[in-house]
Each structure stands twice: as structure tokens, then as C-alpha cells.
Amino acid sequence: MTADAFLRIEGLCVHFPVRKGLLQRQVASVRAVDNVTLSLRRGEAFGLVGESGCGKTTLARTVLRLVDATDGAVWFDGENITALKGAALAPYRTRVSAVFQDPFSSLNPRMKAGAIIAEVLKVHRFAGDITARVRELLALCGLSERFADLFPHQMSGGQRQRVGIARALATDPDLIVCDEAVSALDVSIQAQIVNLLEELRLRHGLTYLFIGHDLSVVRHLCDRVAVMYLGRVMETASSEELFSEPQHPYTQALIAAIPNPDPVSEEARDTALLKGEVPSPLDPPSGCVFHPRCPLAMDICARIAPELEPVRSGHAVACHAVTTQPQPETTTTGERDDR
Amino acid sequence: MTDLPAKDLSEPDIRPAPSRLRASFARDRKAQVGLVILLAFLLVALLAPLIAPFDPNAMTLDMMSSPSLTHPLGTDDLGRDLLSRIIWGTQISLFVGVSTVALALILGVTLGVVAGYYGGWADMIIMRYIDLQWAFPNFIIAIYLVAVFGTGLLNVIVAIALAFLDDFARVARSMVLTLKEEQFVDAARVQGFSDLRIMFRHILPNALAPIIVQATVSVSYAILGEASLSFLGLGVRPDTPTWGLILADGRSFISQAWWLGVFPGLAIMLVVLAINFVGDALRDALDVRETGP
């Protein structure tokens, strides 16, 4: 798995210090990302899901070098980029770009769409005809050339997000981090943008790290998915397998929480929703961070944090209840409860 | 959904900034009045040698005479023609007002942007200095600086600019603190833009509105500041006709010669008012988000 890893996140921790008082002494730390290990193959779309505050955005920002890692490393195409600075970071900046969540705030309100894209080309000393390239990038994202002369406030959310994607493509990157790239859009627009992202990936051989909380979007777009909870990865699997055979009780609960549009089957469905709230990352529970809310919690769960262990090829779970016992073939939470 | 802009945007305002500015002035009656007054004063300043009826420093025996046909605004205690002095004073007062604020703006905004963007130690050091300056009245600082550097027009400009810089630093810093959390700043960093480019091409243009408001307020204070320094004998040479100095000189004769106080005061008031009107319009025009159909 490590040999063909294009982006490898290794034991990554991002802790934010909480300072108090006159001397700004550190009194605690928020463990936004805690010992996360993931790897992405070249050309795949990797989804990262979890509730708000589970650390998925912080993870994305660390990969983008907007936040510094406390511990661990991020390897990109064989190079450790965790500590690169200044000029050493420049090549990485051209190969990795990002699409952000809020299309209202991710474009400079004082610049026209064309200027926003052209600036990226200018900064990276694009050799060809910049105007033509801007037009080409807009066209790739389904926008006609007259959008180059519009300010962000003159466009709709979907159009802005397309400009954001065009900007992300300007440096001809290999990896695009999509931080909740469609969450702020209307459902009808979401589908368009998701399709656009998919099309671009296939056409340009892009790799995506797609952060989202909408499971159906992630299922549609991503090849593999990691589920995060309170800064840790609970389960990783291929997108197909994760949704059809979720192993971790948290993943099962997340999938059970997907709204079902059919009222008849919804009525019949046995939904075991999670109780309680996500604990504060300031003071995470001991052992497995999920144990206070887990239907399968055992004694060991409160003491020892489970490692992410493979249950079959390409499917790993961090759960004592799953990995210490032989796998039953059934997956519904109801039958799980008696174990 | 199609990719056409929504209906109300069918005629988007995509004109370049200058014509947007013109359009916003065309709608705004106050801005027009302000602009006319400012242009009039500017014209007076430029044409001072031609339109002033007398030498501003020529003394006559016709002292403290009330407004008449020869001296439309009267004469002062040394028999100098008040109209001519005010006309010549326009030059100096406008120059001091504008150049002081320009200098204070450049220095203060730079400090504020750097403090706000980098945070940490840079912020700590810059803002503690600004706090220190904040603790003293601006005017005291200006007096101190003039006392150190000596009097004269240039020193007065520098002194007032340094005394006013803290206001600009504060406004700029607070804007930067808000704006640097915007995603377009993250996007710029991800694209590998330099800090300098992010600060001055992306953040600053979005922070201009309150800075312009601060500048218009400061121009009036700068004109008054020069007047006050001159009044204390710390400004320009006492025979130089500046509005502040004329006003200050006239103060002692306010009960005998009302015109010595009223006319220079009126000139200051008109200019300050006009600058504020124009500043308001400028702020609206610069904020592209507010220029709807």
C-alpha cells in the first residue's frame, strides 16, 4: 500500500494549544487530528467523511500546508512536505490545489473571474497566452468566456464554484483537495458540480481528497472512503464496501442516518441512531474515543485505543469489537447488539 | 438550471472602476456638491497668484477694517487683506491636509496590515507601540515631534502624519483580522502567492472602505492640527498665510473684528464638509458589492 501511495498521511497529529491567562500558558490542547494514517493512490478519489468538528477540514488544511502538523508527516509523491517552507514549498503549491466550501468567500470579491484565474497563471509564470488559457479553463468548467468579465457577486453559487474549480486547475495540479466543495450549494447544483469534478478527474487524471459530510455525494464520487470521528480514523474501505458492509458501529450509525426518500421502507427500517453528543476534542474519552456512544462497547474499549486493523483486503477498522472476533456476515446493528 | 446569470443580473455592471465611480457620483447629489466645492478650492489654490487682489503679506495702515469693496473680507490687525491671505492659505492648508494624511495612511496601513496578517510577535510589537501612541493625545505627540525635529512646513507634515498613524494602523489591522479568515485568502496561500501579494493585492483592496472614511476624517483633523501647531508657534513661520494661523491670530480680536474668525473658519468648514461628502461617495463606489442594478 505504501509503495503506490501518491499522498501518504502518516501518524498525523494536529493539536491546537489552548492558552489562558496573562502569561498565555498552555492549559490544554484541542486534538483536532490525532494519529491519522491514510494513503491515496494516484488517480483515485478519496473521500473523508465525519460529523462537523471531527477534524476532517483540519486534516485537509494540514495537507494544504495552511496549518502546521504537531506530529507525523505528509508525503506527497515520495517527498515529505510537512516541514517545507518558502521556495522549497513552491513546487508543491503548483501540484496541489484546492476547491473550498463557500463559493461566496472563496473568490476575492474585488476581482473579476478572469483576473482571479489569470493571477494564478501570472504568479506561476505561465508561458503561453494567458487570456486564451483563462478562456480554456473557464470552458473546461462549463462557463462561457463572458464570465471572465464578471465579479463574483454577479454570479450564482454554482457559477462561482465553477470559477473556483477553474482556478484550482490553473496550475495543472495532480492533487486537488476539495474541502466540502459542494456542501454550500443547492442540491440541483451539487449534482452538476459533482459531475463536473468527476469528469475533470477522468479527463485530467486528477487525484482528489474529497472532504464531505454528505455520504451520498461521497459514495457517488469517491473510490475509497475514510470515516473520521473526533480526530481519528474509524474505518477505511472502498466506497462500495463501506456502504454495503460497514463494520465499525460508528460507520453503521452514520449510514443508518442517511435519510431514506421512500416513506414505506423508511417506516420498516430499523434505525438505531446514535445517542448523546460528540465529546469535546479538548477532553476526548479514554481508550476508543467512540466508546461512550458505542452500542458494542466492552471493558477494553475504555482503556485501550484500538488500532486501525485490516479486516480484509483494502478494508480496515479501528474497533475492538470488530477486530477481536470473527466476522459475522450480517451487518445490521440490530443483530450486532447481542454480541 | 442553466449557467446564465440570474435575471436581475442580465445587465451586470461590468464597467471599469472609473466609470463606476462616475456613475455613483452622478446619482449622489451630496457628492456632486462636495466635488464642486473641492474643485473650487483646488482652483483657488492653483490660481492664487492670479486671483488674490493683494500681496497676502503687504501691510497697510488700513487695519482691522470691516468687509468693504476694496477688502471684501476686511483686513487684519496688521492691515493685511484677509481675502488674499485666505486665498494663499488655501494652497498651504490643502497641501498640508492631503500630504499629511497620505503619509499617515501609507505608514499606518502598512503597519496595521503587517501586524494583522502575521500576528504573533510582529502584532505584539507593532500594536504595543500603537497602544503607547494611543495613550497620548495626537496633538501632544505632534508638539513633541516638532519640538524634536524643529519647525517648518515639512516637519509639521511629518509630525502630524506620525501622530495620526495609529488610527490608520488600528483600522487596517482590524479589517485584516477579519479578512484573513476568508477563504479567498486560504485559496491565495494554496496557490503559492507571496505574503506581500496576499496582503496588498487581496486583503487590502477589500479593506479600503473604512480606511477611506478614516482618511476623510483625518484630513480635517490634519488641517486643524496644522492650525493648532502654528497657533502655538510650532508650525510654519508666523507670517505664512495658513487658515489655521489666520484663525489663531484673529482669535484675540474676535470681539472687535468678527470677520477674522468667521471667514477662515468658514473656509476650513467648507473644505472638511466637502471632503466628507466626497469620501462617502468614494467609499460607496469602491465597494463593488454594493453597486447593484
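Me: How do β1 and β4 of chain A pair, and over how many bridges?

Reply: Strands of a sheet pair through backbone hydrogen bonds, either parallel or antiparallel. In this predicted model, strand β1 (residues 5-20) of chain A and strand β4 (residues 71-76) of chain A are antiparallel, with five bridges. Two strands pair if DSSP finds at least two bridges between them. Strands (E, at least two residues) and helices (H or I, at least four) are DSSP runs, numbered from the N terminus. One of the bridges links C13(A) with D71(A) in β4(A).

Me: Which strands stand at the edges of that sheet?

Reply: The sheet is open, has four strands and runs β2-β1-β4-β5 (chain A), with antiparallel pairing. Its edge strands are β2 (25-41) and β5 (79-80) of chain A, each pairing on one side only. Helix α1 (residues 56-63) of chain A lies across β1, β2 and β4 of chain A, at about 75° to β2(A).

Me: What is the secondary structure of chain B?

Reply: Chain B has twelve helices and zero strands. Of its 293 residues, 42% are buried, that is, with 20 or more other C-beta atoms within 10 Å of their own, C-beta atoms being placed from the backbone.

Me: At what angle do α5 and α7 of chain B cross?

Reply: Two packed helices are described by the angle between their axes and the distance between the axes. Axes are lines fitted to C-alpha atoms, for helices over the stretch in contact, and angles run from 0 to 180 degrees between N-to-C directions. Helix α5 (residues 120-134) of chain B and helix α7 (residues 153-179) of chain B cross at roughly 130°, their axes coming within 9 Å. That makes α5(B) oblique to α7(B); angles under 35 degrees count as roughly parallel, over 145 as roughly antiparallel, 65 to 115 as roughly perpendicular and the rest as oblique.

Me: Which residues of α5(B) and α7(B) meet?

Reply: From α5(B) come I130(B), Q133(B) and W134(B), and they meet D166(B), A169(B) and R170(B) in α7(B). Residues are in contact if their C-beta atoms, placed from the backbone, lie within 7 Å.

Me: How many residues does each chain give to the contact between A and B?

Reply: Chain A gives 32 residues and chain B gives 22 residues. On chain A, α2 (90-95), β6 (96-99), α3 (113-123), α5 (157-169) and α6 (187-204) each supply at least two residues of the side that touches chain B.

Me: What are the conventions for numbering and confidence?

Reply: Residues are numbered from 1 along each chain as its sequence is written, while chains are lettered from A and ligands numbered from 1 in the order in which they are written. In this predicted model, local features need pLDDT of at least 70 and side-chain atom pairs count only at pLDDT 80 or more, whereas totals for chains, interfaces and linings use all residues.

Note on methods
Contact = placed C-beta atoms within 7 Å. Buried ≥ 20, exposed ≤ 12 C-beta atoms within 10 Å, placed from the backbone.
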